[in-house]
Amino acid sequence: MTMNTSSNARTLLLERFGFPDFRPGQEQVVEALIAGRSALAVFPTGAGKSLCYQLPALLLDGVTVVVSPLIALMKDQIDALVSRGIDAARLDSSIGADEVRNVSDRLAAGSLKLLYVAPERFNNERFLDQLERTKISLFAVDEAHCISEWGHNFRPDYLKLAARAHELGAERVLALTATATPAVVADICAGFGIAEADSIVTGFYRPNLTLLTTPASASEREQVLIDRLRERPAGSTIVYVTLQRTALRVASLLAAAGLPARPYHAGMSPEDRVATQEWWMASGTNVVVATIAFGMGIDKADVRYVYHLNLPKGLESYSQEIGRAGRDGAPSICELFACNDDVPALENFSYGDTPTREAIGGLLDDVFAREEGAQFAVSEYELSGQFDVRPLVLKTVFTYLELDGFLRQGTPFYAGYSFRPVSGSFEEVVAAFDVDRADFLRRLFASGKTGRVWTGLDPEESARVLGEERSRIVAALGHLERRGLIELRVADARQRYTILARPDSTVELIDRLVERFALREQAEARRIQQVIALVTNDGCQVNALVAYFGEQRGEPCRHCTFCLGGVAQQLPLGTPLPALDEVVDRSLLQELAAAQPDALGLPRQRARFLCGITSPATSRAKLTRGGLFGALADRHFADVLAWCE
Ligand code: ADP
Ligand code: MG
């Protein structure tokens, strides 16, 4: 950076953001971007990644597009920018048509400096069309580890972002993440064309965190937790557990022991969650017993303790969860209670997302029954039921096909609109319009199906019946809604695709996809073994953890269980369990499978079912309420699959 831009950046930092200095890594990233290069920022949560695009956005000519899967959490960030006089906006599914138009006008006028969007938005042709005519000075991708299939939170829409950024002529890209292994860093850099020297990784090492791993059997760990909470000085505490019901049970156990504890999980009502979070935030001693739903977007500096009652899903989750302790730099303790009993249940999370070969085959036959050039629309909900594949997996298959050049996705749309007159009668709605429009509206209402309260229609179908354009129907309903005349709901999302090419050999394509999913499944199942390996590591555990993220440290930390005790930990053996034949009546299972061939016809489907892993077909057939569902939830999936075969 020249003296001039460097001092510009510093002046802006102080004047616009009120910070006297850059934090570690920020200046290097800003410097690369201002010089016209793409960059990657891997900083821990709370380290100040957002500034790395907010500041350049003000220095560069054009708009900065920020892509994030969590834009709901970015509302505060946008409000803060706006209050500093910076023109910023977001587009996500919660934004109404008027607001979208307003944003689009500011984009066209060149006044908008930062635009936050969800990754799905890049399937919208109108949005892409407008961006193509807009100068994008910076394309920032938050949570960039989601683009890597080897990351811990892969999102299919993210895979396409690199290609989109390129097509849109984005001048430079900034990828940001808090957790990336060297393999994920390599994936991100390759995807977005970021030079190795411009991948800025600040340290993961946290000197003020004592990392304890304590072997404890499932039956004793809750008592150990209570003892710890009582014997250690009171302090702001998070206890992480895997299941919602464990959060409830343990919170009441702690409360009964006289400790200030409350549960938190995603199944609670939003009001209860906010109340619990505020109760915890406001105190220096309260204990929240939470699933991993707790913590995103929470910034509390004085968390003194983070306990893991169950094993975390992987080292990425573990490092993010303990990373919430001691942000103020004061000494804090992170303690993990480890035993083998948790392993199968955690592993089973990774087996629900592997489609059977039959499902992939059926899906591809369905898609490629069409000619090259054909345009078609699908309901992910319907397809996922038809082939018993989870919606996210279905999306992944379509994304693979798109990346391989077979498909191109188009603007998604809704096939179901339902509405009701706010006044109670359609005649009152119609009365607000002149004769021609009133006539059109009457015919439009009549084309729908009227139930007790709501009238439903498919705009495509109504367009055909009325001899109008679909867009006029959608526009009319939107207009009535904006004028407060009707209440409108959309449902039944459809995804549009065009076939760009047909595979030479469908069988080979199926083989490739099956292989790809198998690799992902193995990588997922390995995550939990990496947690076990950390617990039992024969050496400094802190160094082993930061090494997983590519940071090499020479000296032992002196504040982990290994350094403090000098010996590697052994895990207690899991509780011995009876043979599978003794737990599940094979003939009962066969009967059920014969009655439900779509849901339980294949060995993998039966293994999922027995391990308590839901699938669209078993959920829709209401099989998950039966006694056999989850009967082998505490067993290794591979053993159950072998037994089912
Ligand atoms: P991240 O995205 O890395 O988790 P954020 O961008 O949300 O972190 O920033 C965390 C906090 O740090 C914010 O409150 C932000 O205002 C603050 N911050 C960022 N940069 C600086 C800086 N250079 N000096 C002081 N505070 C900063
Ligand atoms: Mg952030």
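Strand β1 (residues 39–42) is joined to strand β6 (residues 173–177) by four bridges, and the two run parallel. Colleagues, before I continue, two remarks on what is shown. This is a predicted model, in which local features need pLDDT of at least 70 and side-chain atom pairs count only at pLDDT 80 or more, while totals for chains, interfaces and linings use all residues. Residues are numbered from 1 along each chain as its sequence is written, chains are lettered from A and ligands numbered from 1 in the order in which they are written, and side-chain values use heavy atoms, with hydrogens and water left out.

Let me return to β1. Within the pairing with β6, A39 has L174 as its bridge partner. Strand β1 is also joined to strand β7 (residues 199–201), by three bridges and again in parallel. There, V42 is partnered by V201. Strands here are DSSP runs of E with at least two residues, helices are runs of H or I with at least four residues, and both are numbered from the N terminus. Two strands pair if DSSP finds at least two bridges between them.

I turn now to the ligand. Which residues surround ligand 1? They are F19, D21, F22, R23, Q26, P44, T45, G46, A47, G48, K49 and S50; a residue is near the molecule if one of its heavy atoms lies within 4 Å of it. By class, this shell has four nonpolar, five polar and three charged residues. In that scheme Ala, Val, Leu, Ile, Met, Phe, Trp, Tyr, Cys and Pro count as nonpolar, Asp, Glu, Lys and Arg as charged, and the others, Gly among them, as polar.

A polar backbone atom of G46 is 2.6 Å from an oxygen atom of ligand 1. For G48, a polar backbone atom is 3.1 Å from an oxygen atom of the ligand. In S50 the contact comes from the side chain, where a polar atom lies 2.4 Å from a ligand oxygen. Ligand 1 taken alone exposes 570 Å², and the protein buries 70% of that. These areas come from the Shrake-Rupley method with a 1.4 Å probe; for residues, only the protein chains shown count as cover.

Next, another set of strands. Strand β16 (residues 413–421) runs antiparallel to strand β19 (residues 486–499), with eight bridges between them. Y417 has V490 as its bridge partner in β19. Strand β16 is also joined to strand β18 (residues 455–457), by three bridges and antiparallel; S418 stands opposite G456 there.

A helix comes next. Helix α5 (residues 97–109) has 13 residues and reaches 18 Å from its first C-alpha to its last, close to the 18 Å expected at 1.5 Å a residue. The expected span is 1.5 Å times one less than the number of residues. Just after α5, G110 takes a positive phi of about 80°.

I close with individual residues. Buried or exposed: which describes S332? S332, in strand β13 (residues 332–338), counts as buried because its relative accessibility is 3%. S332 and L209 are 123 residues apart in sequence, yet 5.1 Å apart in space, C-alpha to C-alpha.

T356 sits in the loop between α14 (343–347) and α15 (357–367), and counts as buried because its relative accessibility is 8%. A polar atom of the T356 side chain lies 3.0 Å from the backbone nitrogen of A359.

Finally, two residues other than glycine have a positive phi. For E143, in the loop between β5 (136–141) and α7 (156–159), phi is near 55°. E143 is partly exposed, because its relative accessible area is 21%. For R558, in the loop between α23 (541–548) and α24 (561–565), phi is near 65°. R558 counts as exposed, because its relative accessibility is 58%.

Definitions and conventions. A polar contact is a pair of N or O atoms within 3.5 Å; within protein, one must be able to donate a hydrogen and the other to accept it, and residues adjacent in sequence count only if both atoms are side-chain atoms. Buried means under 20% relative accessible area, exposed over 50%, partly exposed in between (1.4 Å probe, protein chains only).
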